[in-house]
Structures are given as C-alpha cells and as structure tokens.
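Hi everyone, thanks for making time this morning. Let me bring the structure up on the screen, and then I'll walk you through it.

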Amino acid sequence: MISEASLRDWMDKLGPRLIALSAGICRDRHQAEEIVQEAFVKLWRNPPDAGEIAYTSWLRRVVTNSSINALQRTRRPGALPEFSPDPAMRAPDRPEHEVDVQEDLQRVRAAMDRLDAPKRTILILRAFEQLSYEEIAEHLNIPLGTVMSRLNRARAALVDEMKREPERAEEAPRVFRFERYKPA
Amino acid sequence: MKRSMDCTDIKVLLSGLIDDELGAETRHLAERHIAECRACRVLVDEAEAAHQLVASEAQATVEPGRLPEGFVGSVLSRTVYDEPRRRGQAGSWVNWLGWMAAAACLVLAVAIWALDRRPLTGRLAPGPAPVAKAPPPAAPNPGMIQTAVYNTTGRSWTFDGELPPDALALPGAGEADSHAAIEDDAGSTATRLAGAGRNAADSAAAMIPLESGAVTEDGARSDSPAAPPISRRDAETLDAAALLLEWLLAGDDDSFADIESIRRVAEYDGLPTRLAEARDRLAPADRPAVFAAESILWRIVHGPLSLDDVRDLRRTVSESDLAAKLEVMSGRRESAGAL
C-alpha cells in the first residue's frame, strides 16, 4: 500500500510530465489530466510488483496506452492551451526570436495534430521523454527495427506537414526556417 | 568497396544520425556526405529542428513542475480519503451476504424437514395428488387469473383462468437478423495489392493485402490463395528486417561497426526466428525472399564473418533487391492499432 505522502511525492514528481506526455498524444489537455489522475488511482490500488523502481515506466506505459485509447475513442480536435514561452528557447539578445519561436511552436502543433497516433506517439517518446530505442521498443512492444523505421517516417512526415501552407488565412504564410534550431 | 554514401543512405540512416545511434565509421561517412550535399544537410537540419520543436511543444502544454489546480485533491479523494468508505462498503457487503447465506440455509433446512415429514407411501405410490393453495409465480396479467394451484406430485402450476396470448412470446425477436448483418460486415474484407510502380516480378511477390481489415491480429491464414493476409507482427518483422538489410547496404566495407549494430538489433528482436515463423504463414511466392533474409541475418547474428563475407552478403542483398521486396511485403502497415 502506498502512503499518502508517497503518493503526493510521485504526483509532484511525475504528474506535470505525464500530463504533457498524454496531451502530446491525445491532443486534449483536460482529457490528459483525467488520464493521468486515473493512472495515479490505478497505481495506488494496484501498484506494480517490482516496487517503486518500476513506478515511472509503469505510469508512463499506462498513460501512453490510455492516451492512445482515448484518441481512438473520441477523435475530436485537440484542445491544448496557449503556449507559454519556453525559457530554454529564449534568446535575450534577439527579442524577435521569441515571436518566431511562438509561430514555430504553433506550426509544429498543427503538424502534430495532423499526424496519426503511432507517429505522434513515437516522436513524443523519443523527443520529449528522451527514451532510448530499446526503451521505446519495450514500451510500445514493437521490434527495435520498427522503432527506427517508424521514427524515420514520423520525422519525415512531420517535416512535410510543417512545410505545408497554413490552412487558415490568419496564419502567416512564411517559409519555415529550420536552420534557426541548428545547434551552434 | 563502399567508401562513400549517397542521399538514399542518408534517408535510411537519418534517425540513427540524429539520435547518435550509428557506429563511428558510418557516422563519419554520413557526415562526409552531408558536408558535401546541400540537400542532405537541409534534410538533417529539418529533422533536428522538428525533433527539438516536438519536445518544446509537448513541454509547453503544462507549467513545468506544477500540477493543475485540484489535481492532487481529485486523486486523493479517490484513493487515500476514499479507502475507509470503500472498506466500510466492503464490510457491509460481507455482512449482507452472510445474512443472506444464513437465511438461505434456514429455508433449505425447513424445506427438507417438511419433505421428510410426508408419509413414505405418499411419496412412492401414485395416489390422489395432494394440492396446496399458493400465490402464483410472476403472472403477466394478474387480473385474468383467479387462483393458482401447485401440484406437489407433478411439480406444476395450474391456473384457474387464461393467460394473455402474448404471455409466452419470447423477448428480442428479430435479433438474429441483426447478428447476421454484423457477421456479414466483419466477414467482408477489402484488399488492395502492393507493389505498384515496381517491376512485374516484384509486384507478383508482393501481392500483400494492405487494408487493416485484411490483416489478421493473430496471424491466421486467409482462405484466399491470391491475397493471403499478413499479421501485424509479421508485417513488423518484415519491416524491421528490410531496414536492417538497407542498413547493411549502406554500411562501410572496411569495418564491422555496422555489422555489430545490425547484429545487436537483429539479436534483440530475435529476427531470424521471427522471420522463420513468418515464412510459414506467408504465400509460397513470398517465402524465398524471406528465407534469404532470414539466412543473411542468421549469419550476421551467429557469425563468424570476415569482411569478404560481409561484402558477399551485401552483394546478395543488392543484386536480389531483397530489402525492397521485404519492404513491399510488409505493406508498410502503420495504424493506431499497431501500437
């Protein structure tokens, strides 16, 4: 049985990240919160036999599967919140950079919305959760080779979607400048 | 001897390059090509930028390190704070079940006692049937029934009155038709053939159904000899094998680094065994290519291999266009269910 203090600690430690993971897959922030809450309830009622060492991967797997299931159930457009500037991407000496980054985030969000669930999931697991190929293979129960080929196709599809002309008139029709993110 | 890479190699190795999963030699060759090829440089830059933006986009959906308001309270109210109530409910259920069981035992004991009190002759010889007045069981229309008598010998009820004509009608008439309709829908499978745009021999070897409805979940064979279904697991196995063979083609002739990486992946996935299993389920026309891939990967996994052996394997894969054949066979199937 998990104590209240321990449950609180795990929620503080993993909750925000799990919500971001779920929202990245199911594209609905409120649904993501419900999914993560449910995952913690499951953890409390039936914790993994391996103990606390397995909590992180167990929760991540439950949240991933529930998010995919939720997506297949509802298939409605995402309701994600407005972006708050990511400090990691700020460039203090270039104020215009932040505006550009906001536009790019909007664009990648629209592109992610258009990808199918397997591509979106594997991109999130690799880029956001920073799982290794072996961890992704184990997490999604697919071969390692499939991880590599699916990542290749997912990245190519994402770039194609980001290059697409915006569908809404209010979106600025500009060329996406990928080179901005090239590491120094 | 392969000392350089082309744009196709870069596309195959793109994710490995970005995620730093390539051997040193392969990475060196890839970087040398990228330095000279503007198109590939753009390709890699785009993929790297997309990778970074995906992480930022996901992070931007939450305030870092802070849970939404009411989140903790909601979870605690369904777990820690709910436990006493859940235990209480469970306790009351146990109590209730206990009382029910005791009552049932009592009724049963009284019934047995009452039966045993009847005279022996009455139970063995057919005489005038004793009758008892009792309320009828659930009657469809109580207004039409005056009395009901239970015959303890014949174990049947006699009604003094008439039952309404629809009292014995079975509920749910017509459901059989709807089930039949559902089965018809599930039974029909649309298929399309892969291999368009390739040469005739490849297309013939790649007559694989691609629609999700044609792909069985458990690898069962189809009744149709023209387009046997391919299970999701087999499709993934073929896909993974195709990627490793492409990797083999793009690898360096003078180093075992790529072979070691391929060996690691093939061994981790158990690909030779999985290919052998998949081969048994595939159409006869597809089996030679799968057998060839299985043999090549088995040799890589189990070794030993010299550099000459590696070149021979690479030549075999290249001349038979093996990777492309497996790729077409796998159907490149990818759907939400694939997860």
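Let's start with one spot where the two chains meet. From helix H7(A), the residues A:Arg155, A:Leu158, A:Val159 and A:Met162 meet B:Glu46, B:Ala47, B:Ala50 and B:His51 of H3(B). Sorted by class, this contact has five nonpolar, one polar and two charged residues. Please keep in mind that we're looking at a predicted model.

How do the two helices sit against each other?

Now let's zoom out to the whole interface. Here 51 residues of chain B are in contact with 59 residues of chain A. Which element of chain B gives the most to the side that touches chain A? That's H3(B), with 15 residues. Other helices of chain B also give two or more residues, including H1 (7-18) and H10 (257-269). This side of chain B has 27 nonpolar, 12 polar and 12 charged residues.

And how confident is the predictor? The complex gets an ipTM of 0.79 and a pTM of 0.55. Chain B averages a pLDDT of 67, with 58% of the residues scoring at least 70. Within chain B, confidence is highest in helix H2 (residues 24-36), at 89, and lowest in helix H7 (residues 175-187), at a mean of 34. Over residues 120-227 of chain B, the pLDDT is below 50.

Terms used: Residues are numbered from 1 along each chain as its sequence is written. Chains are lettered from A and ligands numbered from 1 in the order in which they are written. This is a predicted model: local features need pLDDT of at least 70, side-chain atom pairs count only at pLDDT 80 or more; totals for chains, interfaces and linings use all residues. Two residues are in contact if their C-beta atoms, placed from the backbone, lie within 7 Å. Helices (H or I, at least four residues) and strands (E, at least two) are DSSP runs, numbered from the N terminus. Ala, Val, Leu, Ile, Met, Phe, Trp, Tyr, Cys and Pro count as nonpolar, Asp, Glu, Lys and Arg as charged, and the others, Gly among them, as polar. pLDDT is the predictor's confidence in each residue, from 0 to 100.
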